[in-house]
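User: I am new to reading structures. Can you take me through this one, giving the rule behind each term?

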Amino acid sequence: MSKQKLLEINNLKQHFEISRGNVVKAVDGISFDVYKGETFGLVGESGCGKSTTGRTIIRLYNATDGNIIYDGVDVHDKKSKKDLKMFNQKMQMIFQDPYASLNPRMKVSDIIAEGIDIHGLASSKEERMDRVIELLETVGLNKEHANRYPHEFSGGQRQRIGIARALAVKPEFIIADEPISALDVSIQAQVINLLKKLQKEKKLTYLFIAHDLSMVKYISDRIGVMYQGKIVELAESDELYSNPIHPYTKSLLSAIPLPDPEHERTRKRIIYDPSQHQYNNSEEASLREVKPGHFVYCSENEYKRYKAENQ
Amino acid sequence: MEKILEVKNMHVSFDTFGGEVQAVRGVDFDLNKGETLAIVGESGSGKSVTSKTIMRLIPTPPGRIKEGEILFGGKDLAKLSEKEMQKIRGKDISMIFQDPMTSLNPTMKVGKQIMEGLIKHQKLSSSAAKERAIELLGLVGIPQPEVRINQFPHQFSGGMRQRVVIAIALACNPKILLADEPTTALDVTIQAQIIELMKDLQKKMNTSIIFITHDLGVVANVADRVAVMYGGKIVEIGTVDEIFYNPQHPYTWGLLSSMPSLDAKEDELFAIPGSPPDLINPPKGDAFAVRNQFALKIDLEKEPPMFKVSNTHYAATWLLHENAPKVEPPPYIKRLKETKQLSKSGAKASDHK
């Protein structure tokens, strides 16, 4: 894979002022790149800032600081309506809750075609309908479904509608925010297989946000682990799982129960204690490259230690 | 082993405008003293309805127990009046719900919610109940229980709230604890803590637990025995090792194979095609047949009985009939069996980290 940066995130910060002087630093200075055609996974526990990151990238929030560069253009710069429209067409989002993310009073065909209408991608009614049917078939539904309403579908089918809607405007980049968390195990596999198939066929790039680490590992090429608004570790997915370096990643991995009773009887959980880092004010902690392509958030001293341990 | 609960041929239906939804269609199982029985299945398989029926928490109407017995301590719970049931609920049998955000009363101090059951069932004075409530909060690992007892649920995090719910459930030393997806709403690290806590408390009090979940990782961790539900029935039941290392029902194969494993990279996940059956018009024969790549002709006509695999292991699939053709289970299941046989024969145990 030729590594071409599609998305570049530099020192992104997203702070929310809850009340006067009470600021929540949901995302606190993170940087990473997403290459064209890859799936970048973002994992972490609730409140770590992973969803906020996704929402800020697609401009659902205005960033507090830092910049997001998509295909060489800063996303958050002031833009003309035309530029914005172009950006919105390139980047789409799939949401977590397939029940709340579809308008219950709209027909499936209108939900899917909303983007087509906005961007004027169909010249006639027939073309619009053809496109809707094509999209429904792409995601494994059929044309009879076009005239129904969301409540007539199961969770897995609704998520397919959400995917069809995202695909309608022929995007390059899709942010999937916990797309399978609300689905049953057997349906999760269907949706994941669909996302993988679409990526291959349409050369899509994904930012996949989730807390289910085994699914994230399965679908992602590279993974960033977030903790309290920061990326604490970033590596290729196999490397991250077989050789975690940051103590938080170790603790997170050790907490996943696997469907294997024998393994479960012997699994030892590692508990993460943030006070072990003891960062001085003099030495600044940042994301450092411990091994090629494997980054860990650490201080200069920790960096030396990690490096020695991972020769 | 001593049986503490026996569920026999339980049928539960809901009368709706669309027709009668047969949520549970004949469930049989026993619960032994001190064991954890996990019930797994997809949404709509009837696992939550089963647990709510045992607690008699099914709203009637529209729900009703059509048939069957729930035997506990010489009584049939299915036939008790609401008044008699109130004496059992929270005292002998208690329940932990999925969502710790909605199962506590937001306008009542946490301490008072724990004391309620103690005063009602154990007839404690309010000062004694308060003392016991503080003790319970300490037991479930909440720091500074004497301060926390005077706080409201919104002052607790999700994991801490679930601890409070567990404290309430355990207040009267119940014989049976029904836990309906108790960790689904929690993060993995918090989930691990709650599960460790439940196991620890079970050891101390010798409680029997029915643990309902769809997370097979959690099942592998907590369960002594596992019941797999599909379309309102138990399709396979056995010890945790039997279900994970020697599964017999194609639905169990499908469930186990659709989870990605952490150590192997498959090209495509095994996905069970289609969606769960409509329980207003349950299909004839085996409810799983239409989604089952191994389905036989008879599956569409006649429902399979429970075939015996071992003294503790039963599965409802025609594949176990002596005249059935031999089929190869999916690759993931075969791999599982091999790992297990390796470790049994004393060779190096599974290569997981």
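Analyst: Start with a rule. A crossing is left-handed if the near helix is turned anticlockwise from the far one by less than a right angle, and right-handed if clockwise. Helices here are DSSP runs of H or I with at least four residues, strands are runs of E with at least two, and both are numbered from the N terminus. Helix 5 of chain A passes helix 6 of chain A in a right-handed crossing. This is a predicted model: local features need pLDDT of at least 70, side-chain atom pairs count only at pLDDT 80 or more, and totals for chains, interfaces and linings use all residues. Residues are numbered from 1 along each chain as its sequence is written, while chains are lettered from A and ligands numbered from 1 in the order in which they are written.

User: Why is helix 5 of chain A called roughly parallel to helix 6 of chain A?

Analyst: Axes are lines fitted to C-alpha atoms, for helices over the stretch in contact, and angles run from 0 to 180 degrees between N-to-C directions. Under 35 degrees counts as roughly parallel, over 145 as roughly antiparallel, 65 to 115 as roughly perpendicular, and the rest as oblique. Helix 5 (residues 155-167) and helix 6 of chain A pack at about 15°, with axes 10 Å apart. So helix 5 of chain A is roughly parallel to helix 6 of chain A.

User: Which residues of helix 5 of chain A make the contact?

Analyst: Contact needs C-beta atoms, placed from the backbone, within 7 Å. Helix 5 of chain A gives A:G155, A:G156, A:Q159, A:I163 and A:L167. Among their partners on helix 6 of chain A are A:I187 and A:L198.

User: What makes B:T53 buried?

Analyst: Buried means 20 or more other C-beta atoms within 10 Å of a residue's own; 12 or fewer means exposed, and in between is partly exposed. B:T53 has 25, so B:T53 is buried. B:T53 lies in helix 1 (residues 47-54) of chain B. Leaving out residues up to four places away in sequence, B:T53 touches B:M10, B:V12, B:V24, B:I58 and B:I65.

User: How many residues of helix 1 of chain A are buried?

Analyst: Seven of the eight residues in helix 1 (residues 50-57) of chain A are buried, and the helix is mostly covered. A:K50 and A:I57 are among the buried ones.

User: How many residues of chain A are in contact with chain B?

Analyst: 30 residues of chain A are in contact with 32 residues of chain B. Helix 6 of chain A gives the largest share of chain A's side, six residues.

Note on methods: Two residues are in contact if their C-beta atoms, placed from the backbone, lie within 7 Å.
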